[in-house]
Amino acid sequence: MVVCLHIHGNEWKNFEEKLRTFPLTNKDARALKRFFLARATECEIDKQGRFLISSNLREFAGLEKEVIIIGVLDKIEIWSKDKWLAYSQQENLEADEIAQRMEGLGI
C-alpha cells in the first residue's frame with residue numbers, strides 16, 4: 001500500500017516536528033519514523049491533476065497493473081488490487097475484533 005499524504009509545506013513541517021518528539025530509545029517510535037521518512041517523496045501534480053508514483057513506492061506497494069484507490073478521511077491509499085482484496089477479505093473476518101478495540105477508544 002502507498003499512503004498519499006496531501007501535505008503542504010507547513011503541514012509537513014508540523015508532521016516532522018511531531019516525529020522529532022518521539023524518543024529515540026523507543027523501538028516503535030524509531031520504526032514509525034523510518035516508515036514515513038525513508039519512503040517520503042515529493043510528488044509534482046500536473047495540469048490534469050495526475051502525479052507520478054516513484055518506482056521505489058510502486059515496488060514497495062507491489063503496484064503493477066490494477067490498483068485500488070481508497071479514501072481514508074483526508075488521505076488516500078493506493079493498493080495493488082490483489083493485495084487489497086486479500087487484506088479486505090481478512091479484515092472482514094476480523095470485524096468483530098476491530099469493533100471491540102474501537103470500544104476501548106470510546107467509539
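The legends below accompany close-up views of a predicted model.

**View 1. Confidence along the protein chain of the predicted model.** The mean pLDDT of the protein chain is 80, and 87% of the residues score at least 70. Among the elements of the chain, strand β1 (residues 2-4) has the lowest mean pLDDT, at 52. The highest mean, 87, belongs to strand β2 (residues 67-72). Where pLDDT is low, predicted coordinates should not be read in detail.

View 2. Strand β3 covers residues 75-80 and pairs with β2 in the antiparallel sense, over six bridges. Two of the facing positions can be followed in this view. V72 is opposite K75 in β3, and G71 is opposite I76 in β3. The hairpin has two residues between its strands, and L73 adopts a positive phi near 55° there. In a regular strand, side chains alternate between the two faces of the sheet.

**View 3. The aromatic pair F35 and F60.** The whole structure contains four aromatic pairs. In the pair shown here, the ring centres of F35 and F60 are 6.4 Å apart and the ring planes stand at 65°, so the pair is edge-to-face. F35 belongs to helix α2 and F60 to helix α3, so the contact ties together parts that are 25 residues apart in sequence. F35 has 34% relative accessibility and therefore counts as partly exposed. F60 is also partly exposed, because its relative accessible area is 35%.

**View 4. The aromatic pair W79 and W84, with Y87.** The rings of W79 and W84 have centres 5.2 Å apart and planes at 70°, so this pair is edge-to-face. W79 is buried, because its relative accessible area is 10%. Together with Y87, residues W79 and W84 form one aromatic cluster.

View 5. I45 is located in the loop between α2 (27-38) and α3 (55-61). With 53% relative accessibility, I45 counts as exposed, because the cut-off for that class is over 50%.

**View 6. L63 in the loop between α3 and β2.** L63 is placed in the loop between α3 and β2. Its relative accessibility is 13%, so L63 counts as buried. The C-alpha atoms of L63 and I53 are 9.6 Å apart in space, and the two residues are 10 apart in sequence.

**View 7. Salt bridge E17 to R20 in helix α1.** The whole structure contains four salt bridges. One of them joins the side chains of E17 and R20, with an N to O distance of 3.2 Å. Both residues lie in helix α1 (residues 9-20), where they are three residues apart, about one turn of the helix. E17 is partly exposed, because its relative accessible area is 45%. R20, at 55% relative accessibility, therefore counts as exposed.

View 8. The side chains of R50 and D46 meet in a salt bridge, 2.8 Å from N to O. D46 is partly exposed, because its relative accessible area is 32%. A further salt bridge joins the side chains of E66 and K81, at 3.7 Å from N to O. This pair links distant parts of the chain, 15 residues apart: E66 is in the loop between α3 and β2, and K81 is in helix α4 (residues 81-93). E66 has a relative accessible area of 54% and is therefore exposed. K81, at 30% relative accessibility, counts as partly exposed. Elsewhere, salt bridges with shared partners join E16, E17 and R20 into one network.

Key. Residues are numbered from 1 along each chain as its sequence is written. Side-chain values use heavy atoms; hydrogens and water are left out. Helices (H or I, at least four residues) and strands (E, at least two) are DSSP runs, numbered from the N terminus. Buried means under 20% relative accessible area, exposed over 50%, partly exposed in between (1.4 Å probe, protein chains only). pLDDT is the predictor's confidence in each residue, from 0 to 100. Rings of Phe, Tyr and Trp (its six-membered ring) pair if their centres lie within 6.5 Å; planes under 30 degrees apart count as stacked, over 60 as edge-to-face and the rest as tilted. Two strands pair if DSSP finds at least two bridges between them.
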